[in-house]
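Student: I would like to learn how to read a structure, feature by feature. Can we go through one together?
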Amino acid sequence: MAAPVIADLHKPRPYTPSLWGDFFLNHSPCTPSQYSAMKDMASIRKERVRKIILAAISSSDLPMKLELVDMLERTGVAYHFGKEIQELLCGMQGDEQGFGDDLHITASRFYLLRKHGYHVSPDVFLKFRDDGGNFASNDVNSLLALYNAAYLRTRGEEVLDDAIIFTKSRLQCMLEHLEPWLAEEVRCTLETPSFRRVERVETRRYVPVYEKKSTRDEDILEFAKFDFNILQTLYCEELKALTIWWKGFKSQMDIKFARDRMVELHFWILGVIYEPQYSYSRVMLTKLLVFVSLFDDLYDNYSTTEESNIFTAAMERWGEQAAENLPANLKALYINILNTTNDIEEELKHQKNKNAELVKDLVIHVAKCYHAEVKWRDEHYVPTSVEEHLQISVRSSACMQIISFVFISLGDVTTREVLEWALTYPKIIRSVCIVGRIGNDMVSHEREQISQHVTSTVQTCTKEHEITVAEANEKLKVIIEEAWMDIVRECLHKKQPMVLLEKATDLAWTMDFMYKREDAFTLPSSLKETLTSLYVNYI
């Protein structure tokens, strides 16, 4: 049956081309012999660091233990010592009132324990408040520790809400009087508290800072450098393989309608799952995120309503015969998505992954969620409240599907019951969706409304409350903060394995980074320096 001729109802938006092109086809950070030598040296340093940790476990020096765990996490090597760090953290539990009058120790302990899912009462901070409710400290490091700790708050914890307001004001007042390196640390913290930082980005930023500290441990420092460079080499191999795949994918169709962001999508996944044992997972997940991005641009920017309908119908039928009625370019796109997804499913089955067949279902689910937005747009549907908007729009953020893809990639820790739970949009996943959905809307609102587009949460908020865009953004920031509080609460309740809750949280960190100042995915020049530091420049 001949494909129908369908008129172009709207032209695609012009997007910035890829900033990377074929760069990773030829980029190799080191030779194989250099890589082997680095791994040997890293192995020696790793065992020295392990001895430091084991000595700390048997010590009663709490400040030293806190500083050690913090250094291991910020220099990016904590994942090597998960069992030992858990033992250290377990030893930090106990009498919550028994830590004297040291705000820095109390805040650091609170931060690390809550970050790892341990319950700690915020009442430990009450003794540090004066009669006016302010926190009696002028020590910058103590205030930084308190500020970071307070962002691990849940709803209704007023002492932590007050701590954020107080410490933010005090730190801002102190900025101009601080040493340059400390002022930079304060600025970085005020922009993004430690709990919300993308781990690999923080590692790349912090290792040079740690190197300048007089209190640094040379074994931790050198191990951190070797480890970072070893992982960078691995990531570049992944990007080489992905570039070859992506070039082949693009050669079979015209994708000028879409954002060419394969490297940025690898970074997106790197923010969630960076450990070396998950190399295939990153390659697989990057391909699946490419599909999510293509669906977003196809439904939102390129296809007519009729094309959207027949493409979605073909996705639901799933098979080469289902492509018969598609226009030529959409047919090529469909066949490529079909073949790549089937290849991923076969590879996962080869790895004995019990959830392999669900990948296809999730890919179809993403397409259906974006198709729902087309109906919303064509019907000129305008939600009456932000809450009503989010009931629909959190689904087209695709965060649930991305988290589910990640869960599947982790293997046996993810049961069928976990994936069924994820499909219900439980509170932690809905909260991650809200961080991404509203964050994206706030930085892309003006650009997106130039063309025909669904009503954003920003527009909805302005109409709901009859306020300006700037005022709406402030209200939306409150909703984002409430979502972060719910993420923390769910991690403390541990209704699912902590490793899964942490991966969901990691996706929120990455989206917060992407949409911090602008839509860095659509406008990737602002990401170039970060990606160069992660993929190109050795430490």
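This is a predicted model: local features need pLDDT of at least 70, side-chain atom pairs count only at pLDDT 80 or more; totals for chains, interfaces and linings use all residues.
Student: Where is the place of Phe249?

Tutor: Phe249 sits in helix α10. Helices here are DSSP runs of H or I, at least four residues long, and strands are runs of E, at least two long; both are numbered from the N terminus. Two notes before we go on. Residues are numbered from 1 along each chain as its sequence is written.

Student: What is pLDDT, and what is its mean for the chain?

Tutor: pLDDT is the predictor's confidence in each residue, from 0 to 100. The chain has a mean pLDDT of 93. In the chain, 95% of residues reach 70 or more.

Student: Where does pLDDT stay under 50?

Tutor: Over residues 1–10. For that stretch the model has 21 contacts beyond four places in sequence. A contact means heavy atoms within 4.5 Å.

Student: Back to Phe249. Is Phe249 buried or exposed?

Tutor: Buried means under 20% relative accessible area, exposed means over 50%, and partly exposed lies in between (1.4 Å probe, protein chains only). Phe249 counts as buried because its relative accessibility is 2%.

Student: Which residues is Phe249 in contact with, leaving aside neighbours within four places in sequence?

Tutor: Phe291, Leu294, Leu333, Asn336, Ile337 and Thr340. Take Leu333. Leu333 and Phe249 are 84 residues apart along the chain, yet their C-alpha atoms are separated by 8.5 Å.

Student: How do I describe two packed helices?

Tutor: Give the angle between their axes and the distance between the axes. Axes are lines fitted to C-alpha atoms, for helices over the stretch in contact, and angles run from 0 to 180 degrees between N-to-C directions. Angles under 35 degrees count as roughly parallel, over 145 as roughly antiparallel, 65 to 115 as roughly perpendicular and the rest as oblique.

Student: Which residues make the contact between α13 and α14?

Tutor: Glu307, Phe311, Ala314 and Met315 come from α13. Leu330, Leu333 and Tyr334 come from α14.

Student: Is the crossing of α13 and α14 right-handed or left-handed?

Tutor: A crossing is left-handed if the near helix is turned anticlockwise from the far one by less than a right angle, and right-handed if clockwise. α13 passes α14 in a right-handed crossing.

Student: At what angle do α2 and α3 pack?

Tutor: Helix α2 (residues 32–57) packs with α3 at about 150 degrees, and their axes are 10 Å apart. So α2 is roughly antiparallel to α3. The crossing of α2 past α3 is left-handed. Val49, Ile52, Ile53, Ala56 and Ile57 in α2 meet Met64, Lys65, Leu68 and Leu72 in α3.

Student: At what angle do the axes of α2 and α10 cross?

Tutor: At roughly 140 degrees, with the axes coming within 8 Å. That makes α2 oblique to α10. This crossing of α2 and α10 is left-handed. Residues of α2 in the contact include Tyr35, Met38 and Ala42, and those of α10 include Phe223, Phe226 and Ile230.

Student: How many residues of helix α23 are buried?

Tutor: Six of the eight residues of α23 (528–535) are buried. They are Thr530, Leu531, Thr532, Ser533, Leu534 and Tyr535. These buried residues pack against α1, α9, α10, α11 and α22.

Student: Where is Leu507, and which residues does Leu507 touch?

Tutor: Leu507 is in helix α22. Leu507 is buried, at 2% relative accessible area. Not counting residues up to four places away in sequence, Leu507 touches Trp268, Val272, Cys399, Ile402, Ile403 and Val432.

Student: Which loop holds Lys352?

Tutor: The loop between α14 and α15. Lys352 has a positive phi of about 65 degrees, although it is not a glycine. Lys352 is exposed, at 65% relative accessible area.

Student: Is Tyr425 buried or exposed?

Tutor: Tyr425 counts as buried, at 9% relative accessibility. Its phi is near 55 degrees, positive in a residue other than glycine. Tyr425 is found in the loop between α18 and α19.

Notes. Side-chain values use heavy atoms; hydrogens and water are left out.
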